Each structure stands twice: as structure tokens, then as C-alpha cells.
Amino acid sequence: MNMLIYLIPIALFMGSIGLAAFLWSLGNGQYDDLQGAAWRVLADDESGPPKS
């Protein structure tokens, strides 16, 4: 039971860090265009391989 004195604050701290990272990513627009990346993978690249 004495370990709970240490584990509970550590778990709360780590959870708050995860929540802060998630809220930061929402604020910076990480989830604005979820379909765009999927369509860019399927789109043909007209430029071809680079010439060296």
C-alpha cells in the first residue's frame, strides 16, 4: 500500500502530460485534414524519378 503513495501521483502526472500533448496537437491543427493524406498516397506523381 505504501507504493500507491508514489504510483498515483506519477500516473496522474503522466496522464496530464498526455492530455497536454493531445490538446497541443488539437490547437496546432494536426487533425484538420484527415482525408488529405490518404488521397495523396493514392495520387499519381507526374514528375517521375529525380535525374542525377
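The chain has two helices and zero strands. Both kinds of element are DSSP runs numbered from the N terminus, where a helix (H or I) needs at least four residues and a strand (E) at least two. This is a predicted model, in which local features need pLDDT of at least 70, side-chain atom pairs count only at pLDDT 80 or more, and totals for chains, interfaces and linings use all residues. Residues are numbered from 1 along each chain as its sequence is written, and side-chain values use heavy atoms, leaving out hydrogens and water.

## Surface and burial

How much of the chain is buried? Of its 52 residues, 4% count as buried, meaning under 20% relative accessible area; exposed means over 50%, and partly exposed lies in between (1.4 Å probe, protein chains only). The chain exposes about 5,200 Å², and carbon and sulfur atoms supply 68% of that area.

## A nonpolar patch

Residues including Met1, Leu4, Tyr6, Phe13 and Ile17 belong to a nonpolar patch on the surface, whose members together have about 1,400 Å² of accessible area. Patch residues have over 30% relative accessible area and no salt bridge, with nonpolar side chains (Val, Leu, Ile, Met, Phe, Trp, Tyr) joined within 5 Å and like charges within 9 Å.

Met1 sits in the segment before helix H1 (4–27). Met1 is exposed, at 82% relative accessible area.

## An aromatic pair

There is one aromatic pair in the structure. The ring centres of Phe22 and Tyr31 are 6.1 Å apart and the planes are at 45°, so the pair is tilted. Rings of Phe, Tyr and Trp (its six-membered ring) pair if their centres lie within 6.5 Å; planes under 30 degrees apart count as stacked, over 60 as edge-to-face and the rest as tilted.

Phe22 is partly exposed, with a relative accessible area of 41%, and Tyr31 is partly exposed as well, at 42%.

Technical notes: Accessible areas come from the Shrake-Rupley method with a 1.4 Å probe; for residues, only the protein chains shown count as cover. A salt bridge is a side-chain nitrogen of Lys or Arg within 4 Å of a carboxyl oxygen of Asp or Glu.
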